[in-house]
Amino acid sequence: PQRVHAHYAYHIIRDATAILRRLPNLNQASTAVGKQITICGDLHGKLQDLLVILHKNGLPCAENPYVFNGDFVDRGKRSMEVLLLLCALLIVFPGAVFLNRGNHEDRAINVRYGFIREVRTKYRMQSERLLHQIERLYRALPLGTVVDSQVLVVHGGISNKTDLREIWTLDRFKLASLMDPPQSAKENPDGTEEDDTPERRAWRQVFDILWSDPQVADGCSHNTLRGAGTYFGPDVTEEFLRRHDLRLLVRSHECKLEGYELAHNNKCITIFSASDYYEVGSNKGAYVKLSGNPLTPQFVQFQVSAAKSNKRRLTFRQRVGLVERSALKSLAATIEARRIGLEAEFKTRDPESKGTISVKEWCEAMQNGTGLSVPWRLLRDRVLSPAAAEEAAKTGLIKYSETFCGPGSSGCYVTEALYRDKMALESLFSALDTDHSGTISMTELKQACSLLPNDGSEPGQLCTRLARCLDFNQDGRVDLNEFLEAFRLVESRRPVEPNESPDEED
């Protein structure tokens, strides 16, 4: 496809950099005019996802502001186009577009994940001049956005040392690459480093907000999965929001199957806007709209592969396989990321340190340790090693250390039962959501009721009954979470075998 000439690409990036340099370390966004704001997560060079968002949600303007929360480039094939389009939007609508820095807005990361190679391939003779200007743009990007003094939007998250007062005053223009930290630091007896200079402390503040991930367990620890940033628990989020008089933390940085995830008592939102991130059909993208007073989130999901005419016809089994493999990757990452909390849950249920617990106790520990309300009993054979799964089937006891052998290491997949009904319900939700707003209005619900078989009730009465069942927060609209909750899938009880303990199956 025809690309933007290098001369114009350079000037677009240069002019956007000039605008960004005048901004504070934390953008100040407001919903005073339009009463709402849209937040988008990682795009990772997926131009079609960005175009779908702008098509569904409209172009930026004073009444329709946007926050793009970092990781614009790398991995995808159209990173340069995504970056140029975002810069152009910033230039044309400077008061309605807010760009945050992500951990991939870093040349050291771009070398590894493809953006440098893309620029050099597309702009051979002018690539170094463009890359030098892009580095200036990275340094000029604000580190986060505060919306209505209620919501903090940062790319990664926080740690127990994150202090917005320090972030406000640090010199972000010195941080060309977070992969090259200031060297001056005291070494503690345990081998860890203690930040002892203003430069080192500033680097640590930025490093944590760009690289961290939430965890289920309380506390804050080193992010072993990424090797950078921290894992922060619900207590860290609660204390941070209380200390800075905020209500909500919105972050990105992690691919989610549904495009978003709520954590930490719904006070920490993950939003991810690159659909089909791993492969076609692997995940949905989403953006979140904040509106009302206090600001309340409303999620809108999309998937580019589903919106396109299907050039590559896949069988049902192939589509399920793609989703299962993606789900398995996500499940493996979640279990590894929550390892410390899971180990604590297992040991709590094994006071005599036998190394084994019952199936029921293992399921409880997995739900508490990961925060995932999925049918762990059905997933047991998919998570454990084959030997441990076979032993559990024979004895009813699980060697819980085998939980960390790595889901999928034996080549098995997450069961279709986990997703089949949910996908059907999402399709039904999309059919009812005729205006594609991401919620079902009472008008749309009434239209659906008029199509149902008549049991003698008026459509209005039936609509009222359904609304009572579906609209949990009574705001007059039904979002996807409320819709799915009303049809929650629970594992059916099966009859207890004569030689089986009833407690094992409860």
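## Strands, rings and a cavity

Strands β13 (residues 260–263) and β14 are antiparallel partners, joined by four bridges. Strands pair if DSSP finds at least two bridges between them. Helices (H or I, at least four residues) and strands (E, at least two) are DSSP runs, numbered from the N terminus. This is a predicted model: local features need pLDDT of at least 70, side-chain atom pairs count only at pLDDT 80 or more, and totals for chains, interfaces and linings use all residues. Residues are numbered from 1 along each chain as its sequence is written, and side-chain values use heavy atoms, with hydrogens and water left out.

**Around strand β14**

- A hairpin is formed by β13 and β14, with four residues between them. H264 in the turn has a positive phi of about 50°.
- Strand β12 (residues 248–251) runs parallel to β14, and three bridges join them.
- Which residues stand opposite I269 in β14? V250 is one, and L262 is another.
- In a regular strand, side chains alternate between the two faces of the sheet.
- In β14 (residues 268–271), C268 and T270 point one way, while I269 and I271 point the other way. All four are buried. Buried means under 20% relative accessible area, exposed over 50%, and partly exposed in between (1.4 Å probe, protein chains only).

**Aromatic pairs**

- The count comes to nine aromatic pairs. Rings of Phe, Tyr and Trp (its six-membered ring) pair if their centres lie within 6.5 Å; planes under 30 degrees apart count as stacked, over 60 as edge-to-face and the rest as tilted.
- Why is the pair of Y277 and Y278 edge-to-face? Their ring centres are 5.1 Å apart and their planes stand at 65°, so the pair falls in that class.
- Y277 counts as buried because its relative accessibility is 17%. Y278 is partly exposed, because its relative accessible area is 40%.
- F346 and Y400 form a stacked pair, 5.1 Å centre to centre with 25° between the planes.
- This pair links distant parts of the chain, 54 residues apart. F346 lies in helix α12 (residues 339–348), and Y400 in the loop between β18 (397–399) and α16 (420–432).
- F346 has 0% relative accessibility, so F346 counts as buried. Y400 also counts as buried, at 13%.
- W203, F207 and W211 are linked into a cluster by ring pairs.

**Charges over rings**

- A charge sits over a ring if NZ of Lys or CZ of Arg is within 6 Å of the ring centre and within 35 degrees of the ring normal.
- R21 has its charged end over the ring of F173, 4.5 Å from the centre.
- R129 has its charged end over the ring of Y10, 3.7 Å from the centre.

**The cavity**

- There is one cavity of 30 Å³ or more. On a 1 Å grid over the protein atoms alone, a cavity is a set of points where a 1.4 Å probe fits but cannot get out; lining residues have an atom within 4 Å of a point.
- The volume of the largest cavity is about 30 Å³. A volume is the space filled by probe spheres set on the points, which are joined across faces, edges and corners.
- Its lining includes R107, F115 and Y138.
- Helix α6 (127–140) is among the elements that each supply at least two lining residues. α6 gives the most, with four.

Terms used
On a 1 Å grid over the protein atoms alone, a cavity is a set of points where a 1.4 Å probe fits but cannot get out, and a pocket is an open set with protein on both sides within 12 Å along at least five of seven lines; lining residues have an atom within 4 Å of a point.
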